[in-house]
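Subject: Structure for your files

Hello,

Here is the structure I said I would pass on. My notes follow below it.

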Amino acid sequence: MSEFVIITDSTTDLPDSLAKKHELVIVPLKFHIGDKTYVNYPDNRDLAPKDFYEQMKNGAQPTTSQINPDEYVEVLTPILESGKDVLMLVFSSALSGTFNSARIASEELKEKYPSRKILLVDTKSASLGEGLLVTLAAKKKAAGASIEEVKAYTEEMIPKIAHWFTVDDIGHLVRGGRLSKAAGFIAKLASIKPILSANNEGKLVARHKAIGRKRAIKALFEEMVKTAEEGPQIVYIGHGDDLGAAEGLAEQIKAEFQVEELVITDIGPVIGAHTGAGVLALFFIGKER
């Protein structure tokens with residue numbers, strides 16, 4: 001059985017320590033503030049999330065760039081040259097052109113390295129939802145599964161990775177085209193906080209509304225109560241410079257569920273550029289998304 005490497009991207013928002021623990025190769029996206037371009041490295045060496053969100057609070061409107069095919073080729077070539085196969089788990093194609101770049105690169109490299117396996121999965125996931133899926137795949141690999149078995153397992157798990165989140169400032173979703181201007185205006189006026197999720201196609205969809213931040217956070221917990229798979233849970237919570245809210249949500253979950261693993265970390269700048277400071281996101285394994 002050939003050795004293989006799991007490749008993913010920085011929109012997983014996985015902490016650098018967790019990425020290293022699971023031996024993941026992470027290809028970074030880029031983000032831009034004014035005329036300056038930053039690389040979204042897992043260790044945040046270019047710009048710390050706290051500093052990023054501080055700039056947003058002060059009026060910065062960051063933009064992001066997808067990974068291009070040449071960047072994938074550059075990362076994959078030495079791995080393939082070393083005789084290893086590659087499983088690419090990529091950010092939702094419904095949210096970014098990054099998946100298409102990965103597809104173009106994989107087709108090019110298959111011609112150059114016909115004896116190597118290059119398998120590609122559209123995770124239909126984002127942020128720590130993608131991160132949770134990728135770490136589950138890495139655990140499967142560590143248990144001795146083949147590249148084909150890990151790919152099949154990953155595809156089986158995609159519809160079960162629940163993504164639930166709320167934002168504090170709806171304006172970023174409106175600006176990014178995720179919500180209409182009319183909906184954004186009404187929501188802001190009435191202090192409505194949207195409860196959103198990723199659907200089975202990997203698109204972000206508005207599910208419910210809550211009046212005020214506290215009720216919005218409670219709604220995330222209630223969704224987990226309704227849809228979580230039975231048994232011990234792996235829970236990932238991401239936040240945009242609001243650790244207190246993330247820890248409060250974690251306490252509710254630990255009081256209700258048997259938690260096998262719980263990770264609290266920052267929503268990184270690439271995802272945060274579209275959600276803004278104050279985003280709070282909950283990811284777990286559900287009976288459905």
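Leaving out residues up to four places away in sequence, Tyr-72 touches Asp-9, Val-27, Ile-67, Met-88, Val-90, Thr-98, Ser-101, Ala-102 and Ala-105, where contact means heavy atoms within 4.5 Å. Before the rest, note that this is a predicted model, in which local features need pLDDT of at least 70 and side-chain atom pairs count only at pLDDT 80 or more, while totals for chains, interfaces and linings use all residues. Residues are numbered from 1 along each chain as its sequence is written, and side-chain values use heavy atoms, with hydrogens and water left out.

Tyr-72 lies in helix α3 (residues 69-81); helices (H or I, at least four residues) and strands (E, at least two) are DSSP runs numbered from the N terminus. At 1% relative accessibility, Tyr-72 is buried. The cut-offs are under 20% relative accessible area for buried, over 50% for exposed and in between for partly exposed, with a 1.4 Å probe and protein chains only. Leu-109 is 37 residues from Tyr-72 in sequence, and their C-alpha atoms are 9.8 Å apart.

The largest nonpolar core has 71 residues, and those touching the most other members are Ile-6, Tyr-72, Leu-76, Leu-87, Met-88 and Tyr-236. A nonpolar core here is a set of buried Ala, Val, Leu, Ile, Met, Phe, Trp, Tyr and Cys residues joined through side-chain atoms within 4.5 Å. Helix α5 gives this core its largest share, seven residues. Apart from neighbours within four places in sequence, Met-88 is in contact with Ile-7, Tyr-72, Leu-76, Ala-102, Ser-106, Ile-118, Leu-119, Leu-120 and Val-121. There is also a second, separate core of 22 residues, which includes Ala-216, Leu-220, Leu-249 and Ile-253.

Six strands form an open sheet in the order β10-β9-β8-β13-β11-β12, and the pairing is mixed. Two strands count as paired if DSSP finds at least two bridges between them. The edge strands are β10 (204-211) and β12 (259-266); each has a single partner strand, so one side of each has no neighbour in the sheet. From one strand to the next the twist averages 20°.

Within this sheet, β8 (residues 161-166) and β9 (residues 192-198) pair antiparallel over three bridges. Phe-165 has Leu-196 in β9 as its bridge partner. Helix α9 (residues 213-227) packs on the sheet and touches β8, β9, β10, β11 (233-239) and β13 (280-285). The direction of α9 makes about 5° with that of β13; axes are lines fitted to C-alpha atoms, for helices over the stretch in contact, and angles run from 0 to 180 degrees between N-to-C directions.

What angle do α9 and helix α10 (residues 243-256) make where they pack? The angle is about 35°, and the axes are 11 Å apart. From α9, the residues Arg-213, Ile-217, Leu-220, Phe-221, Met-224 and Val-225 meet Ala-245, Leu-249, Gln-252, Ile-253 and Glu-256 of α10. These contact residues divide into eight nonpolar, one polar and two charged. In that count Ala, Val, Leu, Ile, Met, Phe, Trp, Tyr, Cys and Pro are nonpolar, Asp, Glu, Lys and Arg are charged, and the others, Gly among them, are polar.

Arg-215 also lies in α9 and is exposed, with a relative accessible area of 58%. Its C-alpha atom is separated by 9.9 Å from that of Ile-192, 23 residues away along the chain.

**Loops and the hairpin**

Most residues other than glycine have a negative phi. Asn-44, in the loop between β4 (36-39) and α2 (49-57), has a positive phi near 55°. Asn-44 is partly exposed, at 26% relative accessible area. Lys-124 also has a positive phi, about 50°, and sits in the loop between β7 (118-122) and α5 (127-142). At 28% relative accessibility, Lys-124 is partly exposed.

Strand β3 (residues 30-33) is joined to β4 by four bridges, and the two run antiparallel. Phe-31 stands opposite Tyr-38 in β4. The hairpin of β3 and β4 has two residues between the strands, and Gly-34 in it takes a positive phi near 60°.

Thr-12 lies in the loop between β1 (4-9) and α1 (16-21) and is buried, at 1% relative accessibility.

Regards
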